[in-house]
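Welcome! Here is a short tour for anyone meeting this structure for the first time. Take a look at it below, and then read on.

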Amino acid sequence: MLVSVATVASHPMRAQAPQIVTVRATDYKFEAPDSIPSGTTSLRLENAGKEVHHLWLVQLKDGRTYDQFVKAMDSSSPNMPSWVVDVGGPNDVSPGLTASAIVTLEPGRYVLVCYVPAVDGRPHVMHGMLKQLTVMTGRADATEPAPDILLRTTDYAYEFSKPIAAGTRTIRIENTAEQSHEVLIARLHPGKTSAQALTWLNAGQRGAAPVTAIGGASGLSKGRHQTITVNFEPGRYVLLCFIPDAKDGRPHSAHGMVKEFTVGAAK
Ligand SMILES: [Cu+2]
């Protein structure tokens, strides 16, 4: 303790690291705090289940309540209501793995949602995978880490500021489009294709996984951003967006939001 106090005292201008909030996912439940302070927050999703899960954080607007959100989800193919803001969070992570997302949260009412389809075709939220989260007024002195790379989402594409080399990369993901988008990052297993990854994820993860899901950004509304730090091993990767289109209801993957890229060995 003495050492850390001395370190802080000698760097009075140093920015505070984001608070870490750990969320544990099982099949099909979130274990998380009921309330957290506002400010810059690293949402850390530990997947302790047997299926892929994500953490899609939404903020309830217009005085809406958690009960109203639960009711809105009570349909065989629920869509996000118009009165939520998509705030992001770590996207799909394979069993046994952990992924984090750094977001800046204002006070308010939020819900953690998992929208990954189960084998019965219904999203995990329909199996009870949602949890209320209250964000209280807290500290405002933490900052997001400076990124190495920018990743913009548009209607309907992914744009990197530069190629990704192997190693640990900090990526700022910004949604500049009209519609909400997500960035699911998955490493393709040898010989597997993006089409196989799409089918496997859509059909409730039947059979051997063609990919390892390593996080990314869950739904981000227009103008929202988050920062992620990912360790990229050399290999082939794919970015995917499953959010239904505002015009035709088809997933954005069907509008071209499937981007493959290769990470080369570190030099
Ligand atoms: Cu799930």
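Predicted model: local features only at pLDDT ≥ 70, side-chain atom pairs only at ≥ 80, totals over all residues.

**Strand pairing, and what lies around it**

In strand E15, Gln226 is the bridge partner of Ile173.

**How the strands line up**

- Strand E12 (residues 167–175) and strand E15 (residues 225–232) run antiparallel to each other, paired over eight bridges.
- Strand E10 (residues 149–154) also pairs with E12, this time in the parallel sense and over five bridges.

**Charged pairs**

- How many salt bridges does the model hold? The count comes to ten.
- Glu174 has a salt bridge of its own, to Arg172, with 2.7 Å from N to O. Glu174 is partly exposed at 21%, and Arg172 is partly exposed at 26%.
- Lys222 and Glu178 make another salt bridge, again described by an N to O distance, here 2.7 Å. This pair links distant parts of the chain, 44 residues apart: Lys222 sits in the loop between E14 and E15, and Glu178 in the loop between E12 and E13.
- Is Glu178 buried or exposed? Glu178 counts as exposed, with 57% relative accessibility, while Lys222 counts as partly exposed at 49%.
- As background, side chains of opposite charge can pair when their charged atoms come close.

**The copper site**

- Which residues are the protein donors of the copper ion? They are His53 and His124, each through ND1, and Cys114 through SG, at 1.9 to 2.1 Å from the ion.
- Along the sequence, the donor residues follow the spacing H-x60-C-x9-H.
- Cys114 and His124 both lie in the loop between strand E8 (108–113) and strand E9 (130–136), so this pair ties together parts that are ten residues apart in sequence.
- Cys114 is buried, with 0% relative accessible area, and His124 is buried too, at 0% relative accessibility.

**Cysteines without a disulfide**

- A search of the whole structure turns up zero disulfides.
- Cys241 is buried, with a relative accessibility of 0%.

**Nonpolar cores**

- The largest nonpolar core has 38 residues, and Phe69, Met80, Val113 and Phe232 have the most contacts inside it.
- Leaving aside residues up to four places away in sequence, Val113 touches a set that includes Phe30, His54, Leu55, Trp56, Phe69, Met80 and Met129.
- Another core, of 23 residues, lies apart from the largest one; among its members are Ala25, Val85, Val103 and Val116.
- In soluble globular proteins, nonpolar side chains tend to be buried together.

**Helix H3**

- Which residues of helix H3 (residues 194–202) are buried? Ser194, Ala197, Leu198, Trp200 and Leu201 are.
- These buried residues pack against four strands: E13 (181–188), E14 (211–220), E16 (235–240) and E17 (258–263).
- Just after H3 comes Gly204, which takes a positive phi of about 80°.

**A buried proline**

- Where is Pro90? Pro90 lies in the loop between strand E6 (84–88) and strand E7 (98–105).
- Although placed in a loop, Pro90 is buried, at 0% relative accessibility.
- Beyond residues up to four places away in sequence, Pro90 touches several others, among them Leu43, Leu45, His54, Leu55, Ala99, Gly216 and Ser218.
- Pro90 and His255 are 165 residues apart in sequence, and their C-alpha atoms are 23 Å apart in space.

Technical notes
Residues numbered from 1 in each chain as written. Heavy atoms only, no water. Buried < 20%, exposed > 50% of the residue type's maximum accessible area, 1.4 Å probe, protein only. Helix = DSSP H or I, 4+ residues; strand = E, 2+ residues; numbered from the N terminus. Contact = heavy atoms within 4.5 Å. Donors = N, O, S within 2.8 Å, 3.2 Å for Na, K, Ca; no water. Disulfide = S-S within 2.5 Å. Core = buried A, V, L, I, M, F, W, Y, C linked by side-chain atoms within 4.5 Å. Pairing = 2+ DSSP bridges. Salt bridge = Lys/Arg side-chain N within 4 Å of Asp/Glu carboxyl O.
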